Amino acid sequence: MSSIMDGERQFHIRTLPDEVGRYVILPGDPGRVSKIAQHLENAVQVANNREYNVYTGTLDGEKVTVCSTGIGGPSASIAVEELVKCGADTFIRIGTSGGMDLKVSGGDLVIASAAVRGEGTTAEYLPPDYPAVADFQVVDALRRSALELTTDEVGDRYHIGVVHSKDSFYGEVDPENSPMSEDICSRWNSYLKCGCLTSEMECAALFAVGIARKVRCGAVLTALWNVERSKAGLPDNITDDSSKAIKCAVEAIRLLIKEDNR
């Protein structure tokens with residue numbers, strides 16, 4: 001029986017297997033892909049469809065791909081599913097987030113060890129009581145990379161821990177105007193008490209697909225600001241610069257390539 005999925009190229013990201021590397025960097029923003037690709041050698045655009053802008057080049061002799069995912073878990077999961085079908089097995093998300101724990105300031109890097117499943121995509125991949133966790137090798141490579149890139153100053157630190165993944169951006173920044181405000185705020189406060197570091201929209205889905213497809217996934221996030229520090233009247237930075245997170249991911253890929261080739 002024929003299907004719309006029977007085409008030679010992947011249905012959404014529009015790539016062929018020989019156009020994708022084993023290692024993939026996943027920004028959300030399609031406009032950020034070419035900037036990240038500049039860190040690779042001989043990178044070229046291999047596909048561009050919907051929210052999926054795809055470049056492939058090399059890093060230390062290994063083929064590496066950069067593919068945007070758009071916003072949210074559904075589109076991120078599609079990207080990873082189709083990249084896996086093309087042979088990729090190692091993924092690092094580069095993203096932005098809003099700080100939650102008071103120790104996180106704008107400009108800090110957050111390496112996600114796991115993600116709160118506050119969204120809907122992971123229900124299609126994992127049982128309700130199964131955690132969305134990152135791959136240890138990827139987390140460790142990101143940790144070693146971040147250690148070299150950061151200081152112990154406000155706005156230039158790195159943190160490792162649990163992040164919050166959600167479906168509604170405005171549920172975080174303007175919960176009072178939601179009909180579900182009481183429920184949103186109650187859950188948010190619970191996550192704060194548990195030490196959740198920052199809030200974003202894709203990590204849980206990425207980790208869930210990684211677990212289901214048995215591939216390695218991790219994420220490094222830039223904290224743009226910290227809403228809880230603002231509420232508490234504490235000083236905070238506001239940034240939109242993701243260059244440090246990009247360097248962190250690229251250097252982590254280098255470390256993984258080196259280890260994988262031993």
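Contact here means heavy atoms within 4.5 Å. Keep that cut-off in hand for this tour of a predicted model.

**Stop 1: Ile92.** Select Ile92 and show its neighbours. Leaving out residues up to four places away in sequence, Ile92 touches Val24, Ile25, Leu26, Val138, Leu142, Gly218, Val220, Ala249, Ala252, Ile253 and Leu256.

**Stop 2: the cores.** Now widen the selection to the largest nonpolar core, which has 63 residues. Ile92 is among the residues with the most contacts inside it, along with Cys67, Leu83, Phe91, Phe207 and Val220. Colour helix 8, residues 243-260: with nine residues, helix 8 gives the most to this core. Then pick out Met100, Val116, Tyr191 and Cys196, which are included in a second, separate core of six residues.

**Stop 3: helix 2 and helix 6.** Select residues 73-85 for helix 2 and residues 203-213 for helix 6. The two pack at an angle of about 30 degrees, and their axes lie 9 Å apart. The crossing of helix 2 past helix 6 is right-handed. Show side chains. From helix 2, Gly73, Ser77, Val80, Glu81 and Val84 meet Ala205, Leu206, Val209 and Arg213 of helix 6. Five residues of this contact are nonpolar, two are polar and two are charged.

**Stop 4: His12.** Go to the segment before strand 1 (23-27) and select His12. Is His12 buried or exposed? The relative accessible area of His12 is 19%, so His12 counts as buried, the cut-off being under 20%. Its side chain makes a polar contact with the side chain of Glu82, at 2.6 Å.

Key
Residues are numbered from 1 along each chain as its sequence is written. This is a predicted model: local features need pLDDT of at least 70, side-chain atom pairs count only at pLDDT 80 or more; totals for chains, interfaces and linings use all residues. Side-chain values use heavy atoms; hydrogens and water are left out. Axes are lines fitted to C-alpha atoms, for helices over the stretch in contact, and angles run from 0 to 180 degrees between N-to-C directions. Helices (H or I, at least four residues) and strands (E, at least two) are DSSP runs, numbered from the N terminus. A crossing is left-handed if the near helix is turned anticlockwise from the far one by less than a right angle, and right-handed if clockwise. Ala, Val, Leu, Ile, Met, Phe, Trp, Tyr, Cys and Pro count as nonpolar, Asp, Glu, Lys and Arg as charged, and the others, Gly among them, as polar. A nonpolar core is a set of buried Ala, Val, Leu, Ile, Met, Phe, Trp, Tyr and Cys residues joined through side-chain atoms within 4.5 Å. Buried means under 20% relative accessible area, exposed over 50%, partly exposed in between (1.4 Å probe, protein chains only). A polar contact is a pair of N or O atoms within 3.5 Å; within protein, one must be able to donate a hydrogen and the other to accept it, and residues adjacent in sequence count only if both atoms are side-chain atoms.
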